[in-house]
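Trainee: Could you walk me through some side-chain pairs in this model?
Mentor: Gladly; let's look together.

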Amino acid sequence: MGSIYRNARFLTSSTTRNTLPEETGLEVVFAGRSNSGKSSTLNCLCEQKGLARVSKTPGRTQLINFFDLPDGNRLVDLPGYGYAKVPEKIKKEWQQFIESYMTERTTLAGLVIIMDIRHPMRDYDHIMLSWAEARQLPTHIILNKSDKLKHGLVTRTVLETRKALKEYDLPTSVQAFSSLKKIGVSDLANQLSTWFSENNVIEVTEE
Ligand SMILES: Nc1nc2c(ncn2[C@@H]2O[C@H](COP(=O)(O)OP(=O)(O)O)[C@@H](O)[C@H]2O)c(=O)[nH]1
Ligand SMILES: [Mg+2]
């Protein structure tokens, strides 16, 4: 049985507020430091190799990418934050754009933060968590590249990350993941489906 994520289709990219798509349906946003495997995770979830670009030169794209799902909801690929090699002024503009999306977008139903399991909870992640906390946006943490660590260390890092998240007054969950080995994909899909269904207003139309 195929998941609905398999039918995700690229909708549009935005670099400014003016080019954001209309606020229809619900959006789950994917964020992560450059090289954490955000693109790989999206591709893995959607079973599409080329949906989000896997990059060997991190931090170049500063677009928010939108992907449509068949039910009218969306997956959103948020760019890295503050890493691109561009003039300071442009960097500032991008950061403000990302911040405004994270703080003002009305359609957000959940946030997925991708972390490299070997480097969890860095500055970037704390920025995202603070924004999520401010608006009580439920957050799911993906500890990616779990194939790089021994089983015991994977378990320990999941537990330590859960503990570290207690500093936030926010509904969070944490899971180990490997986009390389396709470990944890159904847990991620289930979390997304829960958010989408919890937030959906079911319109009853009478025959
Ligand atoms: N070992 C391992 N490598 C991964 C995994 N996920 C991504 N990578 C590698 O990490 C690098 C960055 O991946 P990418 O998806 O472009 O990261 P992004 O910058 O966060 O979008 C690439 O070389 C990927 O092949 C994983 O689960 N395990
Ligand atoms: Mg990427």
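Trainee: Which residue meets Glu104 in a salt bridge?
Mentor: A salt bridge here is a side-chain nitrogen of Lys or Arg within 4 Å of a carboxyl oxygen of Asp or Glu. This is a predicted model, where local features need pLDDT of at least 70, side-chain atom pairs count only at pLDDT 80 or more, and totals for chains, interfaces and linings use all residues. Residues are numbered from 1 along each chain, and side-chain values use heavy atoms, leaving out hydrogens and water. At 3.5 Å, N to O, the partner of Glu104 is Arg17.

Trainee: Is Glu27 buried or exposed?
Mentor: Buried means under 20% relative accessible area, exposed over 50%, and partly exposed in between (1.4 Å probe, protein chains only). Because its relative accessible area is 0%, Glu27 is buried.

Trainee: How many residues apart are Glu27 and Arg105?
Mentor: Their side chains meet in a salt bridge at 2.8 Å, N to O. Helices (H or I, at least four residues) and strands (E, at least two) are DSSP runs, numbered from the N terminus. Glu27 lies in strand 2 and Arg105 in the loop between helix 2 and strand 5, so the pair ties together parts whose separation in sequence is 78 residues.

Trainee: Where do Glu160 and Arg156 lie?
Mentor: These two side chains also meet in a salt bridge, at 3.6 Å, N to O. Because they are four residues apart in one helix, about one helical turn separates them; that element is helix 4 (residues 151-164).

Conventions. Chains lettered and ligands numbered in written order.
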